[in-house]
Amino acid sequence: MTAQYTVTVLGLGAMGLPMAARLATRLTVHGFDIAEPRLKLAEEAGIRTFTSAREAARGADALLLAVRNAEQLDEVLFGATGVAAVLKPGAVVILGSTVGTDAVPPTVARLAELSVALVDAPLSGGPKRAGEGDLLIVVGASPEALDSARPVLELLASTLTVVGDKPGDGQALKTVNQLLCGVHIAAAAEAMALADALGLDQAKTLAALEAGAAGSFMLSNRGPRILEAYNEGGAEVLSRLDIFVKDMGIVGKATRAAGLATPVAAAAEQLYLLGQAQGLAAADDSAVIKVIAPTKRTGLTEG
């Protein structure tokens with residue numbers, strides 16, 4: 001790897017900034033965000049910032065996108081101020097988001113007209129792991145496009161799984177991943193709500209569960225934030241609840257298309273939808289416990 005390789009990161013939020021900072025340790029990184037404070041933080045991390053997405057993307061070897069959904073993907077690339085038009089032939093667009101498989105074919109086709117390839121590389125792991133290069137990334141891409149994207153992917157991932165040789169394969173595996181993540185978060189919230197209802201110390205309960213057969217990554221990762229959900233302001237927002245509204249919607253669409261019954265995933269999706277309806281869309285997804293138990297009940301006993 002060499003600093004001569006330039007990657008543009010659009011969006012310097014909770015995930016984008018630590019990824020960009022990690023990449024800047026070995027590569028030339030251009031960055032853009034609409035929030036001025038994020039640009040200042042990026043500059044402190046050695047990232048060259050720009051006043052527009054187009055300026056940041058011009059001349060880059062790779063463009064790393066972490067967009068919210070398929071609509072935002074289309075707008076960023078092909079909208080009125082879209083960046084696809086300024087990408088150089090031979091560049092690669094690395095899609096790190098979960099947008100579902102349906103959005104991929106039209107994106108591939110439009111980029112191909114510009115001699116740009118799409119590397120379908122949805123990632124998972126959270127901001128801390130992003131900054132440490134400890135992400136799980138699943139990839140669907142042609143061998144040639146994958147080789148072009150490797151300087152970026154290998155710096156960000158501790159586990160890089162090539163699912164298939166066409167874009168869309170990564171989205172398919174990430175859909176399976178999100179089914180499990182969405183269910184695990186909802187199950188962790190239910191467990192912590194039950195501990196509270198039974199009068200147990202939630203922190204001690206969480207520590208005990210983590211050490212046993214019920215432990216999981218999502219329990220350990222979201223558990224402490226679930227316990228902060230009732231604090232004033234709630235837990236720090238590291239993953240918005242409405243992201244799982246979107247992701248579990250993608251899961252539901254995929255399972256219906258496959259004719260597959262997934263009642264547990266469907267039940268979890270309803271919890272996130274209820275949370276969104278109750279005004280928790282912008283809260284951390286750990287706030288789903290407030291859908292199950294709107295208030296804490298610690299100390300209640302029978303009698």
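H1 covers residues 16-23 and is mostly covered, since six of its eight residues are buried; helices (H or I, at least four residues) and strands (E, at least two) are DSSP runs, numbered from the N terminus. This is a predicted model, in which local features need pLDDT of at least 70 and side-chain atom pairs count only at pLDDT 80 or more, while totals for chains, interfaces and linings use all residues. Residues are numbered from 1 along each chain as its sequence is written, and side-chain values use heavy atoms, with hydrogens and water left out.

Next, turn to the largest pocket, which holds about 1,500 Å³ of space. Of the 50 residues that line this pocket, those closest to its centre are Met15, Gly16, Ala66, Val67 and Ile243. A pocket is an open set of points on a 1 Å grid over the protein atoms alone, where a 1.4 Å probe fits, with protein on both sides within 12 Å along at least five of seven lines, and lining residues have an atom within 4 Å of a point. Among the elements that each supply at least two lining residues are H1, strand E7 (123-124) and helix H8 (169-197), while H10 gives the most, with five residues.

Now select the second largest pocket, with about 430 Å³ of space. Its lining has 23 residues, of which Gly100, Thr101, Ile250, Lys253 and Ala254 lie nearest its centre. The elements giving two or more residues to this lining are H4, H8 and H11, and H11 gives the most, with seven.

Show H8 and H10 together, and you can follow their axes, which come within 9 Å and cross at roughly 50°; axes are lines fitted to C-alpha atoms, for helices over the stretch in contact, and angles run from 0 to 180 degrees between N-to-C directions. The two helices are therefore oblique to each other, given that angles under 35 degrees count as roughly parallel, over 145 as roughly antiparallel, 65 to 115 as roughly perpendicular and the rest as oblique.

Finally, select Leu274, which is found in helix H12 (residues 263-277) and is partly exposed, with a relative accessible area of 42%. Leu274 and Leu260 are 14 residues apart in sequence and 24 Å apart in space, C-alpha to C-alpha.

How values were computed. Buried means under 20% relative accessible area, exposed over 50%, partly exposed in between (1.4 Å probe, protein chains only). Grid points are joined across faces, edges and corners, and a volume is the space filled by probe spheres set on the points.
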